[in-house]
Amino acid sequence: MGDENTTEEYGRPRRPNPETVSYLRGLPLEETLAAEQARTYIQYFQAEKKGYDKSKEHNDDPPEYPALVSATHAALSSIYKELASLSCEENSSTQIETLVRIACRYSNAAKRVVLAGMSGYWVFLSSHRFGSHVAQTVLRCVVASCEADLDVLGCDIEGGEGEGKMIIEESYGSHLQSVNGGGEVPSLNSLLLQTLEELKPFAADLAVHVCGTHVLRTALCILAGVEFVDAYAPASGAKNTQTNAIVTEWDNGPLALTRRGKFKDKRKKKKKKPAGGGGDDVRGSSRQEVTVMKPFNMTSDLRSEEFRNESNSLLRDMVDIISLAEGQQLQRGIKNKTNKVQPPGELQQRSCHPSSGPLLVQMLRLLSYRNNDSNFGKKGPFSGTDALADRKLGILPPEPRYSSGSEAETLVYRLLCWDPNITVGNDDDESREAELNDNDAAKQPYASDIIYGLSGEPRGSILLETILHCCPDSFHDILCKIGGFYDEATMKEYVSHGVSNFVVQTLLVSARDKNQ
């Protein structure tokens, strides 16, 4: 947990009630069974709406409301005031995650209840070992589109209130009315923005926190409207061969990945030695997952123009808080002679930090995606016959590249201490090496050392590789010149190093023309 002085200002919840902990442990929660019950209930109303003959396949009376879904709503209602406290307890936190996944999968009203119940405690939960897992699950599930909103299912057919709406009012009616104290039911938009605003002032601290950085990554993805998925994961929409049911993203995808196993005991945790002998040069033996970006399948409440405008503004603020560690100010995409580039400092240290380093990589990829053509990835990372064939061959789609004057370019300038007011010319191939030593390196005094340092650091090298993938063609060539990749002696040093050789591989893969 860390020092008490660092967590007092985060709004620490009270310790959970032992009776409530025992109650949660005894709940028979089974997501698979809940999904089966819900599908049976949904199929009946789908057949009713289409006017199918139910004489053989269905009974005249509608099936009962899914028992496990109803029990989930009742359980969330009973522990509403203790959600934050229970999220910080090991066994209770896993049960709450299960409750959240079931409830948010079939109810939009439950999403508002969960966000309201954890209001005021988000920063503390984000910095807690168990609470951070609950925070990530809640944020990811509340923005996802429901598989089917059982709250309104059957209302138009029965001519009145459906059974799902009555269960929601019975379970959450008092909570939804008393959230603001004035009897006004808050919208999902306002509750979600309030949650992210709660995290914003502490973004700089959470970025370097081993648990908080993961919650920040989820928050940034929500604000950008983009999520990272496994490049080779099976696509949703296929049918399960055993149950013949359509597999949704709740069954197989980013939402399914929110299911976590048992937490490992820290006392029994042993570090594995790298395969290369454990030296400092070795980048690491763990396999780096290949991810691609695709738009969120958000619930309809979060698709409004008003929410997108507010989320864009909040995203810019959070990026500034995380990246401007020493108050460095640089206007976005505007060359201003009054703004002097600051020397390397805390931001460059964060580029190599085990927690904030991957966060900066994700920030750059998100900003590049948003700046890229709006049609990029509109149908997903793999769409079309050619792209599908490439996927089977292991060929990934191209990484989106930012353009000049974009927010992503500003972030790169901050990371490299790059002065945009100084133009580094593109020389001919014959004079590249000679001109580098005399002019270009002197024009950007900090960038050369930063590139050299990042290339030899395990986490910083990944950030440098991302810059090479995402930068425009003109900056790619300049980056190679300033970094010394055109110099024979420096290039040999890069190639022979255990970490920087990966940067060289990325450089060759991302080369923009034959002259390079």
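Mentor: Look at Glu407 and Arg316, whose side chains meet in a salt bridge, 3.8 Å from N to O. The term means a side-chain nitrogen of Lys or Arg within 4 Å of a carboxyl oxygen of Asp or Glu. Before we go on: this is a predicted model, where local features need pLDDT of at least 70 and side-chain atom pairs count only at pLDDT 80 or more, while totals for chains, interfaces and linings use all residues. Residues are numbered from 1 along each chain as its sequence is written, and side-chain values use heavy atoms, with hydrogens and water left out.

Trainee: Which helices do Glu407 and Arg316 lie in?
Mentor: Glu407 is in helix α18 and Arg316 in helix α14, so the pair ties together parts 91 residues apart in sequence. Helices here are DSSP runs (H or I, at least four residues; strands are E, at least two), numbered from the N terminus. Glu407 has 25% relative accessibility and counts as partly exposed; Arg316, at 30%, is partly exposed too. The scale: buried is under 20% relative accessible area, exposed over 50%, partly exposed in between (1.4 Å probe, protein chains only).

Trainee: How many salt bridges does a search of the whole structure find?
Mentor: The general idea is that side chains of opposite charge can pair when their charged atoms come close. In this model the search gives 15. One of them joins Glu147 to Arg39, with the closest N and O atoms 3.8 Å apart. Glu147 sits in the loop between α8 (131-143) and α9 (155-158), and Arg39 in helix α2 (residues 31-50), so this pair links parts 108 residues apart in sequence. Arg39 is buried at 19%, and Glu147 is partly exposed at 24%.

Trainee: And what about a charged residue without a partner?
Mentor: Arg308 is buried yet has no salt bridge; the nearest side chain of opposite charge, Glu305, is 7.6 Å away. For that search, Lys and Arg count as positive and Asp and Glu as negative, with His and the chain ends not counted. Leaving out residues up to four places away in sequence, Arg308 touches Ile222, Leu223, Ala224, Gly225, Met298 and Leu302. Contact means heavy atoms within 4.5 Å.

Trainee: How do α16 and α18 pack, and at what angle?
Mentor: Axes are lines fitted to C-alpha atoms, for helices over the stretch in contact, and angles run from 0 to 180 degrees between N-to-C directions. Helix α16 (residues 356-371) and α18 pack at about 150°, with axes 8 Å apart. That makes α16 roughly antiparallel to α18 (under 35 degrees is roughly parallel, over 145 roughly antiparallel, 65 to 115 roughly perpendicular, the rest oblique). Where they meet, α16 residues including Leu360 and Leu364 face α18 residues including Leu411 and Leu415.

Trainee: Which residues have the most contacts inside the largest nonpolar core?
Mentor: In soluble globular proteins, nonpolar side chains tend to be buried together. A nonpolar core is a set of buried Ala, Val, Leu, Ile, Met, Phe, Trp, Tyr and Cys residues joined through side-chain atoms within 4.5 Å. The largest here has 110 residues, with Val138, Leu192, Ile322, Leu416, Trp418 and Phe475 making the most contacts inside it. A second, separate core of 16 residues includes Ala35, Ile102, Leu153 and Ile167.
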